[in-house]
Amino acid sequence: MLWKDKGELIDFVSLALSPSLSRDLHETMKMKAGRILLLLLCLNVVTFGVIAGPQTCPASDLESGCSDSEEWKGEFFPGIPKIKYEGPSSKNPLSFKWYNAEEEILGKKMKDWLRFSVAFWHTFRGTGGDPFGAPTKNWPWEDGTNSVAMAKRRMRANFEFINKLGVDRWCFHDRDIAPDGETLEESNKNLDEVVALAKELQGSKIRPLWGTAQLFLHPRYMHGGATSPEVGVYAYAAAQVKKAIEVTHYLGGENYVFWGGREGYQSLLNTDMGRELDHLARFLEAAVAYKKKIGFNGTLLIEPKPQEPTKHQYDWDAATSANFLRKYGLIGEFKLNIECNHATLSGHSCHHELETARLNGLLGNIDANTGDPQTGWDTDQFLTDIAEATLVMLTVVKNGGIAPGGFNFDAKLRRESTDVEDLFIAHISGMDTLARGLRNVVKLIEDGSLDELVRKRYESFDTEIGAHIEAGKGDFEYLEKKAIEWGEPRVPSAKQELAEMLFQSVL
C-alpha cells in the first residue's frame, strides 16, 4: 500500500485507530498501523544517525552500548581537572596539599626526589573482588571483555589519568595491558599492538618506571616459572620475560622487575630446593645477558616477598635476596624493589628493609603501599601514615635519591570505594603523604638533634682505638690488654625515648 503524501498516511493511521470500524476491520488496520509506526521509528533513527554523524562513547554513560571495537570519544574522567598544588590550608580533595612538584628541597625538585608512578594493574585492572565476594568496580569505559580493543581503551584511560594527576611514570605487567592469546605468538602480537599505542600516547615526557612479566596468574605457572620442575614451563617463562624486557626497552622504561610470587614452595617434602635456586639463578643470568644484548640500560630489580601465594618465597626479604645475589655472582647486576607491605609480612618494618637494601648498595625502587596491622596478608593499601612516610624518606635522602627508581603506587582502592574520583583521591593522598615525609626529613636535618644523639651514642669509637678497630686492626690479643687496662666499662643510656620524642616533634 502506498500513500501520496504524509497527510494521507496520517489519515490512514487515524482511521485504523478509530473505534467506529467493525471489530475485525479495526483489528486488521490497527496491526498494519502498528507496523507502519515501527517502520517510521526505525527510519527516524537511521536518519538521525546520518545527520548527527557517528556515535561516541561518553565516559559518563554506563549504558552507551558502545562495543569494544569503537574508539572512545571524549574524556574518561569528565569533571576532574588537572590536579594542582593548593597548599596545606586547601579543603579541595582534588588538590595537593604537600606535594609541590617544582619546589626545590635539599637541592632537588620535589618531583625528582619522589619520581611517582601509577601502577596499571591496580588502577585499571583492579575489580574490588576478593575470595569472599564478587567484583564491586565497573568503570564506565569497561565493556566486560578482555579484547585487544578494550585493552587499548584502558590504555587511553591510563594516560588521561596520568596527565591529570601530573606524574611522568607508570608501571605494568605484560598481561595486564594486553590479553593472553591462544599461543605465545598471539600473546606477543596482542602485546605489540597495545604497546604501539602506549608509545604514541606517552609522547616525549612519560615513560615506564618499570615493566615486568606476569608469571603467576596462568595455570602453567602453578609451580612457578623459573623454579618450575617442568622444563617446558621454564622455557615459556623465559620467552615471556624476553618479550617483556623488549617492550619495556621499546617504551623507554628505566627498570625491569622480577617478582617471584610463585618462585618458592608449598612443601619441602616434594621440593629440591637447591636445584630450584640454581635454576632461578640461571634464569636471572640469562636475563642479564639478554638485557645487555639488546642494549637495555635499565636496572634489573628483584622484589622481595616472604610468602603469598606460596608458603615460602625464595626472595623472602632484602637480606635473603642480597645473600642470593652474592652467592650466584649477581650482586652487581641487580638491585631491590622494596615494597612496604611485603616488609611487614616478613616481620620487618619498611624502614628496616629500606636500610638493609641501602647499606648493601641495593636500593633500587620502592613500591609505596602499606598493610593493615590487624590482617596477615598483602592488602596493598595506599600509604597514609605520616610517621612511616618520614622514615621512608629518611632512607631515600640518606641514599642521595632513588633514581632511576622511584615510588610506584602498588596500591589499590578498598573494595568499598567505587567512584572514579576515588582513584584520584587515593593517589593524591599517597603523594601528599610522602611529600610530607620529605618535608619532615628537612626539619630533622635542620634541627640536627636526632643526628647528634646518634653521633654521641657511638662517640667512643671516635677515638684512636675506635679507629684502630674500624680499620680492621683490632686483634683479640690487643683488645684483651685494653679490657684489662680499662676494667669494667661504663655503659651509657641509649636515650630511645628521647630519640622518639625528637622524631615525633617534626610530624
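In which loop is Pro404 found?

*Solution.* Look between helix 13 (386–398) and strand 14 (407–409): that loop holds Pro404. Helices here are DSSP runs of H or I with at least four residues, strands are E runs of at least two, and both are numbered from the N terminus. Now check the backbone: the peptide bond from Ala403 to Pro404 is cis, with omega near 5 degrees.

A word on the model before going on. This is a predicted model, where local features need pLDDT of at least 70 and side-chain atom pairs count only at pLDDT 80 or more, while totals for chains, interfaces and linings use all residues. Residues are numbered from 1 along each chain as its sequence is written, and side-chain values use heavy atoms, with hydrogens and water left out.

**Exercise 1.** Find the disulfide and work out its handedness.

*Solution.* Start with the rule: a disulfide is a pair of cysteine sulfur atoms within 2.5 Å. That gives a count of one disulfide. The partners are Cys340 and Cys350, S to S 2.1 Å. They sit ten residues apart, Cys340 in helix 11 (residues 340–345) and Cys350 in helix 12 (residues 350–359). Next, take the torsion about the S-S bond: it is about -50 degrees, so the disulfide is left-handed. Finally, both Cys340 and Cys350 are buried (under 20% relative accessible area; exposed is over 50%, partly exposed in between, with a 1.4 Å probe and protein chains only).

**Exercise 2.** Describe how helix 8 packs on helix 9.

*Solution.* Two packed helices are described by the angle between their axes and the distance between the axes. For helix 8 (residues 231–250) and helix 9 (residues 273–293), the angle is about 30 degrees and the axes are 11 Å apart. Axes are lines fitted to C-alpha atoms over the stretch in contact, and angles run from 0 to 180 degrees between N-to-C directions. Helix 8 and helix 9 are therefore roughly parallel (angles under 35 degrees; over 145 is roughly antiparallel, 65 to 115 roughly perpendicular, the rest oblique). Now list contacts, meaning heavy atoms within 4.5 Å: among them, Tyr234 and Val241 are on the helix 8 side, and Phe283 and Tyr290 on the helix 9 side.

**Exercise 3.** Where does Leu106 lie, and what is its phi?

*Solution.* Most residues other than glycine have a negative phi. Leu106, though not a glycine, has a positive phi of about 50 degrees. Leu106 is placed in the loop between strand 3 (104–105) and strand 4 (108–109). With a relative accessible area of 39%, Leu106 is partly exposed.
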